[in-house]
Amino acid sequence: MHRRPSLPESDGSFEVASSVAILDTIHGAELIAERMRKRGIRAVAFEVYHNVQNLSGFDLVVAPVHLSPRNSAHEETVRLGKRLITHHRAVGELLRGERDFRAFEVTGTRGKTTTALILARVLSARGTVVSHTTRGIEVWKDGRSEVLVSGLSIAPANVIRAFDAAGKAGAIDLVSEISLGGTGLADFGLLTSFAGDYKVAGGSLWASTAKLQMVSLSKRGSKLIAGEDVKISADLTFGPGPRGQVWCDGREILARGERVSLYLGEGIDPNSYNAAISGAAAASLAAGLSLEEVASGLEGFEGLGGRMKAGLMEGISVLDNSNSGLRASGVEAALDLIGGGGKLALVAGEEAETVCEGMDLQDLTEILERRRRDIDILVLVGERLIPSAPGFSALTAPDLDSGLALARARLEKGDRLISCVKCFR
C-alpha cells in the first residue's frame, strides 16, 4: 500500500481559488502564473529567495517542494493559514486534459536523464516522441533526436513547455525528467532509484520523500515502474536482485522469464548503462512494446554524451562523463575505464552555479589523493576547488569548456582526456 508522503500539500485546488500566489525564482513562478491567467485565474509570481513578500491578499499559495520552511514566504504562508500546494500538483492540475499523447514521467535520485533519453529513443520507433531532460527539449524520430530548446531545468514548471512542444510536434509520447517528484499527469511513472538519498528544503525533507509525489499525485489507471531499491509496490520493477522483473546485463535484456539479445555499439561501457536500459525497457514493456521492439530500438546504441561516452577528438581519446548527476565515484570509475596509452589529463569538479547539489568535495579529494600519480595533467573546475589546486599541482578553470581547453592545449595525438565535471549540458 502506498503511503502519502509528508509534503506541504493541502486538499485545496486552484480551481476554486480566487487568487493564487506562486513562489519561486521569478522565471519558474511566472511560467505557472501565466498559464493560470490564461485560465482566468488571478495569479501573481513572487521571487522569494531574496525578497520578503506580502501574501495576505491570496487564498492559495503554490510553492516549490524544495522551499525551506524557514523561508520568510513559507513562514508567512503558514502563519496566515493559507492553503498550500506544490508546483508539481499545480502543473498537474493545469495541464490535465490538454493532450493527445501519452505522458511518461521519470524521477529518482540517480539515472533520471539517461533513463529518460533511452526511453525516448526506444519509444520513437513507433512514432514521434518529445523528451524533456537536463539536455533540453528534443524531438525523437526513429531513434534520432533534434534539440528544440536547451538549457532548461527539470523543475515541474518546465513540463508546461514540454507539453506545448509535444502538442506542436504531433508526438505520440512525451517523456519528462522531473526533479523531486511527479505531477500526476503521467500515464507511466518511473522511479529510477532512491540510492544516495539527500536532504532538500533546507535540510527538512528527504529527496526520496519529495519524489514520492510520483505516487501520491498519480492518477487513476496510471502505471508505476520502479527500481528495486525504491522498495515500494509497483506495477513493474527492474534490477538485478530477486525483486527485479526486468534487467539488462549488457548482452541481454531479461524480462519475466523471457530474454532477448542486445547489439549495442562497440564503444559503449555496458556497466554504465545497465540500470538505465533496464528502467527504460521496463517502462517500454509496461507501455505495450515487445521485448524484441525494445532490443531493436537499442541496436547500435553508443551511449550518451556526458555519460561515459568514449570518443576521439583530433587524435585524443576522450571519455566524457560530465553531467548533472555526476558523483565523485564517477570520477574514479572513469579513471578505471580509460585504459592505457599516452599522457592522461583529467578535468574534474563542478559548475556550482548550474547544479543544485554540487560535487562532494571530500570524496573527490580522497579519490585525487589516491589516484594523482595516474594523472599527468589535472584541471580542477569550480570556485570551491581553487584552494585545493596547489596541493594537487593542478590547474584551475571556472567552467567545463575552459577546463577542457586548458587540458587539450597540453595533449597530443595518442593522449587521453577524461571529462568529469558536474554540470547541466
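How many disulfides does the structure hold? In this predicted model, the count comes out at 0. Take Cys420: the closest cysteine sulfur to its own belongs to Cys423 and sits 10 Å away, which is too far for a bond, given that a disulfide needs the two sulfur atoms within 2.5 Å. Cys420 is also buried, at 0% relative accessibility. Cys248 is another buried cysteine, with a relative accessible area of 0%.

Salt bridges are another story: a search of the whole structure turns up 16 of them. One of these pairs Arg79 with Glu76, with N and O 3.1 Å apart. Both residues belong to helix 2 (residues 72-79), where a spacing of 3 residues puts them about one turn of the helix apart.

Lys219 meets Asp187 in a salt bridge whose closest N and O atoms are 2.8 Å apart. The two are 32 residues apart, with Lys219 in the loop between helix 7 (213-216) and strand 13 (223-227) and Asp187 in the loop between strand 9 (173-177) and strand 10 (188-191). Lys219 is partly exposed, with a relative accessible area of 27%, while Asp187 counts as buried at 19%.

Glu350 and Arg384 make a salt bridge too, at 2.6 Å from N to O. This pair also links distant parts of the chain, spanning 34 residues from Glu350 in strand 20 (residues 344-350) to Arg384 in the loop between strand 21 (377-381) and strand 22 (395-397). Elsewhere, salt bridges join Glu332, Asp336, Arg370, Arg371 and Asp374 into a network.

Some acidic residues instead form a patch of negative charge on the surface, made up of Asp360, Asp363, Glu366 and Glu369. Of these, Glu369 is found in helix 11 (residues 361-371) and is exposed, with a relative accessible area of 54%.

As for buried helix residues, helix 5 (residues 159-169) has Val159, Ile160, Ala162, Phe163, Ala165 and Ala166. Just after helix 5 comes Gly170, which takes a positive phi of about 65°. In helix 3 (residues 87-95) there is Val91, a buried residue at 0% relative accessibility. Between Val91 and Arg39, the C-alpha to C-alpha distance is 13 Å, with 52 residues separating them in sequence.

Technical notes: Residues numbered from 1 in each chain as written. Predicted model: local features only at pLDDT ≥ 70, side-chain atom pairs only at ≥ 80, totals over all residues. Heavy atoms only, no water. Buried < 20%, exposed > 50% of the residue type's maximum accessible area, 1.4 Å probe, protein only. Patch = residues over 30% accessible without salt bridge, like charges linked within 9 Å, V, L, I, M, F, W, Y side chains within 5 Å. Areas by Shrake-Rupley, 256 points an atom, 1.4 Å probe, with all protein chains shown as cover. Salt bridge = Lys/Arg side-chain N within 4 Å of Asp/Glu carboxyl O. Lys, Arg positive; Asp, Glu negative; His and termini not counted. Charge placed at Lys NZ, Arg CZ, Asp CG, Glu CD. Helix = DSSP H or I, 4+ residues; strand = E, 2+ residues; numbered from the N terminus.
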